[in-house]
Amino acid sequence: MKPVPENRQQALVDRLIEACGGAYAPETRRKYYITGPQWAAAYEGQALFHAPTRKPVSFEEVIRQYAKIGIGHWCTHDTDVIPTEQLDKDGQSQILSRIKTALRENGLECSMVTAETFFNAVWAASPAAEAPEVREYAAWRLRNVVAIGHELGAKFAVYWPGSLGYYTQGAIDETDTLRWYADGLNAACEADIEIAKQHGRPTLKHCLEAKPFEPQAEILLPTSDAMLAFIGSGLLAHPEMVGLNPEYLHELMWGGAPRAALARALLAGKLWHFDINDGYRLKHDVDIAIGLVNPLDWLNVLVLLRSHNYSGPFNLDFKPPRTTSNHGVFAVSFPTAVDRFITLWEMAGDVISDPIIKEATDALKAGGGAADPHDAASVTAANRELLTLHELIGHRMVQILIGAHRGRTYSA
Ligand code: 3MF
Ligand code: MG
Ligand code: MG
């Protein structure tokens, strides 16, 4: 092939993505509770070792492009859109009114707001630092995020306490830090109760998001399970207002099974919001888009969520790779992420209604009917053949994933 001149590359990408087929119409995509973060689309490719590879994108452009793709909800950190020094000032109200205009003109809703408590230098020692003025600043930021949420019509507030930890052990007392962190969340919930009353709206659902490492060396609430224990610790004034926003990759990062972590959150009644992406076990936060690494695991996750009627948002918290251009972010990255999600969600429906999986599962639950349930040998023998069905179910899941259940034949 001859070199492809720069001015023909976008057309090539557009033609090939069209040729891939399988794209859903924007109206179909909008039927799913999919939310698009400002920060994901505006990510310029920078990181600790990386310079940006893309140009900045305004929130107006992100909202317009999400509308075109069929992503019906938008979410943001306070400082993605409002410069830190303008928070709770005139600049904030002006930006909020521009956001509301952009959302209205494009038929999008703001689903969630989140506080940036990890980027600014003020969080060097976390939002629950020893110095009371840092904690007062954090409480003020959280209260302001709640106010922004109500102003924009959001239903959820998310908190990722990425700087709640340390680089060197022994410098802080973890129990103090956790108490102080709870004080910040309590301030957010108290403010929410007041502001919700003024607006005649329900209070927000406050969702904690855990990540096991990054950016600190040690994180005090590293997993969704740690977050559940924290919610139940007695430190929160309104534990009923606080739930979870697990992130798929964050659970994989510590070596856990995302599906099992989600099951524990479901049992606790705290699975309220879900960040969807992909990546590798026991690696850093690569934020690859859903289904590009672990489609079978993702199918399993969605079977669990469909079986338990999860009805919260699916938040596209991934990062378009640095190799993707500004054009590619909206031409390839977001539409294909959405379409893989929808495909896997629909396949999860196929799994749940698959007669083979259903019969196998029912048989396993019926058991073999041991003559003496207090005799190990008799119980073991009664189930010996049935238990082969576990592997059969695994095989069937793969068949459904690759379409082989429809009777694919190969020339061999
Ligand atoms: C970091 C994350 C965050 C959180 C966000 C919402 C930048 O790994 O996942 O995204 O999702 O701060 O609270
Ligand atoms: Mg993440
Ligand atoms: Mg996240």
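## The shell around ligand 1

Sorted by class, the shell around ligand 1 consists of 6 charged, 4 nonpolar and 3 polar residues. This is a predicted model, and the distances and angles reported here are to be read as properties of that model. In total 13 residues surround ligand 1, and the closest of them are H77, E209, E247, D285 and D317.

Several polar contacts to oxygen atoms of ligand 1 can be listed with their distances. A polar side-chain atom of H77 lies 2.6 Å from an oxygen atom of ligand 1, an N or O atom in the side chain of E209 is 2.7 Å from an oxygen atom of the ligand, and for the side chain of T114 the corresponding distance is 2.9 Å. Taken alone, ligand 1 exposes 340 Å², of which the protein buries 95%.

## The magnesium site

Where does the magnesium ion (ligand 3) lie relative to the magnesium ion (ligand 2)? The two ions are 3.8 Å apart, and E247 coordinates both of them.

## Backbone geometry in the loops

S126, located in the loop that runs between β3 (109-114) and α7 (132-152), has a positive phi of about 80° although it is not a glycine. Is S126 buried or exposed? Because its relative accessibility is 2%, S126 counts as buried. The side chain of S126 reaches the backbone nitrogen of A128 at 2.9 Å, and, leaving aside neighbours within four places in sequence, S126 is in contact with V134, S163, L164 and T177.

A positive phi is also found at D287, where the value is near 50° in a residue other than glycine. D287 is placed in the loop between β9 (274-275) and α12 (295-307), and with a relative accessibility of 2% D287 counts as buried. A further backbone feature is the cis peptide bond that joins E214 and P215, with omega at about -5°; P215 belongs to the loop between β6 (205-208) and β7 (218-219).

## The position of A154

A154 sits in the loop between α7 and β4 (156-159). Why does A154 count as buried? The reason is that its relative accessibility is 1%, and the cut-off for a buried residue is under 20%.

Leaving aside neighbours within four places in sequence, A154 is in contact with C110, S111, M112, V113, G149, R201 and L204. The C-alpha atoms of A154 and G21 are separated by 34 Å, the two residues being 133 residues apart along the chain.

Technical notes: Residues are numbered from 1 along each chain as its sequence is written. Chains are lettered from A and ligands numbered from 1 in the order in which they are written. This is a predicted model: local features need pLDDT of at least 70, side-chain atom pairs count only at pLDDT 80 or more; totals for chains, interfaces and linings use all residues. Side-chain values use heavy atoms; hydrogens and water are left out. Donors are N, O and S atoms within 2.8 Å of the metal (3.2 Å for Na, K and Ca); water is not among the atoms, so sites may look incomplete. A residue is near a molecule or strand if one of its heavy atoms lies within 4 Å of it. A polar contact is a pair of N or O atoms within 3.5 Å; within protein, one must be able to donate a hydrogen and the other to accept it, and residues adjacent in sequence count only if both atoms are side-chain atoms. Accessible areas come from the Shrake-Rupley method with a 1.4 Å probe; for residues, only the protein chains shown count as cover. Ala, Val, Leu, Ile, Met, Phe, Trp, Tyr, Cys and Pro count as nonpolar, Asp, Glu, Lys and Arg as charged, and the others, Gly among them, as polar. Helices (H or I, at least four residues) and strands (E, at least two) are DSSP runs, numbered from the N terminus. Buried means under 20% relative accessible area, exposed over 50%, partly exposed in between (1.4 Å probe, protein chains only). Contact means heavy atoms within 4.5 Å.
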